[in-house]
Every structure is written in C-alpha cells, then in structure tokens.
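User: Could you walk me through reading a few local features in a model? I'd like the general idea, then the case at hand.

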Amino acid sequence: MGRIQMPEHENSRKGRDAIARFQKHAPAVLNLLAIAAAWLVLTEGGIVPNYMLPSPVAVVKAFVSDFPTLMYHSGVSLAEAILGLLIGIVLAFLIAVLMDRFITCRRALYPVMVVTQTIPTVAIAPILVLWMGFGMAPKITLVVITTFFPIAVGLLDGFSGVDQDAVDLMRSMGAGRRQIFLQIKLPSALGQFFSGLKISASYSVVGAVVAEWLGGFRGLGVYMTRVRKAYSFDKMFAVIILIVIISLLLIAVVNLLRRAVMPWERVQEKRS
C-alpha cells in the first residue's frame, strides 16, 4: 500500500503553527538562557563569592543529590497548596455570588476581603499555628486566605461586566435569575475567573511554604529552614527552583483547564 500523503495546505498550516509557537516561546527561553549564562559567569568567574550566590552547577548537584528528599517535602507542600486552593475557589465563588446578588453583602464583605489581603502572611501564620497546631490545618488556612481574593474579585468583575442587553433579552423571554446566571453571567465571567485562578495557583505554593517556615515537621518550607541554618545555600536555591517549577506547572494546568472549559477561545485564536 502506498503511503498516505498529507494535503499540501495541511502541511503548510502545521508549519505556520510550529513557527507561531516558536516565535511565542523563543523570547522567554532566550531570556532564561541569558540569565543562566550570566549567573554561571558571575559565580564560576569568581566575581560573586559562592557564599553569597552559589553557582548553578552546585545548585543542580544539590538538586540531584537531595532529589528524593525534595520530592517527599514537595508532595506535602503541593497537597497543602492544592487543598487550600480548592477551598479558596469554593469560598471565592460563594462570596462573589452573594456580593453580586445582594448589594448589602457587597458593601459588608468587600472591605473585609481587602483587609485580609493587607495583613502580611508572616504575621498571620504564627497565629494560625498557635490556634491550629503544627499540622496541615494552619497551612491550608493560610493558602485559602492567600488565594481566594484574586478569584473572588475576578468573578465579581465578570458578573458585573455582563452585557446588560443580553440580560434584558433573557428577562423579556421569561428567564429567571438562575437561568440568567448560568447562561449569561457565569460564561461571561469565566475569563476573569481563570485569570484570577492563575494568580492564586502561584500564590498557593508560596503561601504553603511561608506557613511551613513558622511551624511544622514536613514540607519545602521546613526543609528550607533546615538547610538555611546549615548554611547550605546551594540547597536553598534548589528549593527555590523547585517552587518555581511547581508554580509554573500549576499555572500550566490552569491554562489547560481554561482551554477545555472555554473552547470558543481556540476558535477565535484560529480565526485571528
């Protein structure tokens, strides 16, 4: 049997897509490579002493040598971050719906939400540890406090920015509040929801690590505190890089969810 040939226009389209993806990601990749090269030159060339900034080679070696330990502690921190983020999503959704539905709730809750974001997390964490102990509960609570605000604000802005003409049309056709919410308000707020969720996803890991600094037995924050006291700065940088990787992976998962939940955006991208 002869080999099936792809249509010429199909091959051309795939080639254009590949070039577009390369052009999209090339600046970020080149920038990271430039930063890594400058880091290597500064440390290996003796311009910056190793006790101030460990070389990337030492950081990679520390990452490889402590990989099992890092994976163990990262599993704990990731569990705290994901649980706190899920609870934060539910809390943010409920608060946003209440504030959108009742103006009194909006006037009462919005200032309190803002106040919760002005208090430093390092000030809240010791109090949570005092109240809840050294387990996962205070870490998850701090992640919830850290992550629910961007999601709630994004949803509220999405609900408020809905096309009023579409709402009036639905009402004229006899639609109730629930139908208007599910068919008009919620779809229009999905973009803002996922934008806030990306911010909260990155905050969740940081919040968990900060909470672990001040009390606990497991997690990347606990591990970072131990290696800092031992002046193992190469291992500290290895933890920082791992936190960055985990945060980027969570953001990538959010982007995949957005593409799955909002398929019309892909259609618009292809048209553009």
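Analyst: Let's begin with Y231, which sits in the loop between α9 and α10. Helices here are DSSP runs of H or I with at least four residues (strands: E, at least two), numbered from the N terminus. Keep in mind that this is a predicted model: local features need pLDDT of at least 70, side-chain atom pairs count only at pLDDT 80 or more, and totals for chains, interfaces and linings use all residues. Residues are numbered from 1 along each chain as its sequence is written, and side-chain values use heavy atoms, with hydrogens and water left out.

User: What is the phi of Y231?

Analyst: Most residues other than glycine have a negative phi. Y231 is not a glycine, yet its phi is positive, at about 55 degrees.

User: Is Y231 buried or exposed?

Analyst: Buried means under 20% relative accessible area, exposed over 50%, and partly exposed in between (1.4 Å probe, protein chains only). With 63%, Y231 is exposed.

User: How do the axes of α9 and α10 cross?

Analyst: Axes are lines fitted to C-alpha atoms, for helices over the stretch in contact, and angles run from 0 to 180 degrees between N-to-C directions. For α9 (residues 220-229) and α10 (residues 233-261), the axes come within 9 Å and cross at roughly 160 degrees.

User: Which residues make the contact?

Analyst: Contact means heavy atoms within 4.5 Å. On the α9 side we have L220, Y223, M224, V227 and R228, and α10 brings K235, M236, V239, I240, L242, I243 and I246.

User: And how many aromatic pairs does the structure hold?

Analyst: Rings of Phe, Tyr and Trp (its six-membered ring) pair if their centres lie within 6.5 Å; planes under 30 degrees apart are stacked, over 60 edge-to-face, the rest tilted. There are seven pairs. One of them, W39 with F237, is tilted, at 6.0 Å centre to centre and 40 degrees between the planes. W39 lies in α1 (residues 8-44) and F237 in α10, so the pair ties together parts 198 residues apart in sequence. W39 counts as buried at 19%, while F237 at 25% is partly exposed.

User: What about F159 and F181?

Analyst: Their ring centres are 5.4 Å apart with planes at 55 degrees, so that pair is tilted too.
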